Amino acid sequence: MSKQLKAMLYFYVTDMRKQFTIFWMILMSIVVVSLIMATTMPDFWEAYLTISIPVYTFSGVAGFKIIKESLPFTIKMGGTRSSYFVSIGMFMLGYSIIAAFITNVVHSLSMLVMDILKLDNLQIMHPTALMGQEDVWLYRFGIDFYLNFFFIATLFILGLIFYKFGIVGGFLTLGVFALLNAVAIASGELIELGEVVIFQSEVSHYLVLFGIGAFLYVISWSLLRRISAVPQS
């Protein structure tokens with residue numbers, strides 16, 4: 001079992017390494033170009049940069065894609081479905097920690113450069129600004145960890161639905177989700193929730209999202225336990 005887990009984790013890391021590296025090279029280039037532009041622009045020029053949101057987006061895309069790229073290979077190589085379930089959970093947790101750590105290292109270095117160059121016309125946005133804690137490294141790391149795990153776990157189970165039930169099942173799930181959101185918007189509940197998150201933001205809100213991600217991961221076992229090595233078209 002432990003050898004299987006190690007082999008699976010090695011495969012996931014190796015499979016994602018190239019995409020992860022390219023993504024960070026592009027994001028770092030954007031950060032560097034933004035800093036250079038800020039040094040050449042007049043003081044009245046203002047711009048905003050976010051590092052975290054592109055990382056959340058990448059996490060979601062990675063969660064959606066990983067099932068199709070890893071599950072058939074794992075089963076064909078003799079891995080059990082229970083090992084896959086455990087290893088993919090370990091991978092998502094480890095990925096979320098590493099992504100949050102790198103994000104905040106880049107954020108801190110960018111802030112340091114901006115302080116040294118006295119760049120007041122460029123602001124780096126982060127969800128912790130809603131709590132007034134954008135300068136606290138641990139707050140930023142914690143929120144990024146929660147959100148990265150939420151997005152990778154949520155899109156993982158969506159990818160799993162597409163894999164098991166095909167395009168029809170996947171889009172049917174998206175349609176139900178869109179309908180529920182439309183009802184929530186029409187009733188005003190979603191708008192109220194958005195106002196609470198924006199104007200009364202607390203760490204507990206993000207902890208709830210982490211809990212939702214963990215719940216979705218746990219229930220993914222019900223889809224994985226008898227899944228085929230061949231995706232449904």
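Tryptophan 137 and phenylalanine 141 both sit in helix α4, four residues apart, which is about one turn of the helix. Their rings form a stacked aromatic pair, 5.4 Å centre to centre with 10° between the planes. Tryptophan 137 is partly exposed, because its relative accessibility of 30% falls between the 20% and 50% cut-offs. Please keep in mind as you look around that this is a predicted model.

## The chain as a whole

Let us step back to the overall layout. The protein chain has six helices and two strands, and from the N terminus on these run α-β-α-α-β-α-α-α. Along its principal axes, the C-alpha trace spans about 60 × 45 × 30 Å.

Of the 233 residues in the protein chain, 40% are buried. The chain exposes about 13,200 Å², and 72% of that area is supplied by carbon and sulfur atoms. Among contacts with a separation of 6 or more, 84% are between residues 24 or more positions apart.

## The largest nonpolar core

Which residues touch the most other members of the largest nonpolar core? They are Trp24, Ile67, Leu71, Tyr84, Tyr95, Phe156 and Leu224, out of 47 residues in this core. Two or more residues come from each of α1 (2-40), β1 (47-50), α2 (52-76), α3 (81-116), β2 (122-125), α4 (137-187) and α6 (203-224). Helix α1 gives the most, with eleven residues.

Leaving aside residues up to four places away in sequence, tyrosine 95 touches Met16, Phe20, Val55, Phe58, Ser59 and Ile152. Apart from this core lies another, made of eight residues, including Ala100, Phe145, Tyr146 and Tyr206.

## Aromatic rings across the fold

The structure holds 22 aromatic pairs. One of them joins tyrosine 12 and phenylalanine 91 edge-to-face, at 5.6 Å centre to centre and 70° between the planes. This pair links distant parts of the chain, with tyrosine 12 in helix α1 and phenylalanine 91 in helix α3, 79 residues apart. Tyrosine 12 counts as buried because its relative accessibility is 1%, under the 20% cut-off. Phenylalanine 91 is buried too, at 7% relative accessibility.

Ring pairs also build a cluster that you can trace from side chain to side chain: Phe11, Tyr12, Phe20, Phe23, Trp24, Phe58, Phe73, Tyr84, Phe91 and Tyr95.

Phenylalanine 149 lies in helix α4 and is buried, with 4% relative accessibility. Not counting residues up to four places away in sequence, phenylalanine 149 touches Met92, Leu93, Ser96, Phe210, Gly213 and Ala214. Phenylalanine 149 and tyrosine 217 are 68 residues apart in sequence, and their C-alpha atoms are 10.0 Å apart in space.

Serine 34 belongs to helix α1. Is serine 34 buried or exposed? Serine 34 is buried, because its relative accessible area of 16% is under the 20% cut-off. Beyond residues up to four places away in sequence, serine 34 touches Leu49 and Leu122.

Side chains of opposite charge can pair when their charged atoms come close. How many salt bridges does the count come to here? The count is one salt bridge. The side chains of lysine 65 and glutamate 69 meet in a salt bridge, at 3.7 Å from N to O.

Both residues lie in helix α2, four residues apart, about one turn of the helix. Lysine 65 is partly exposed, with a relative accessible area of 34%, and glutamate 69 is partly exposed as well, at 30%.

## A nonpolar patch on the surface

Finally, have a look at the surface. Phe101, Val105, Leu109, Leu112, Val113, Ile116 and Leu117 form a nonpolar patch there, with about 620 Å² of accessible area together. Leucine 117 lies in the loop between α3 and β2. With 45% relative accessibility, leucine 117 counts as partly exposed.

Key
Residues numbered from 1 in each chain as written. Predicted model: local features only at pLDDT ≥ 70, side-chain atom pairs only at ≥ 80, totals over all residues. Heavy atoms only, no water. Core = buried A, V, L, I, M, F, W, Y, C linked by side-chain atoms within 4.5 Å. Buried < 20%, exposed > 50% of the residue type's maximum accessible area, 1.4 Å probe, protein only. Contact = heavy atoms within 4.5 Å. Salt bridge = Lys/Arg side-chain N within 4 Å of Asp/Glu carboxyl O. Phe/Tyr/Trp six-rings, centres within 6.5 Å; stacked < 30°, edge-to-face > 60°. Patch = residues over 30% accessible without salt bridge, like charges linked within 9 Å, V, L, I, M, F, W, Y side chains within 5 Å. Areas by Shrake-Rupley, 256 points an atom, 1.4 Å probe, with all protein chains shown as cover.
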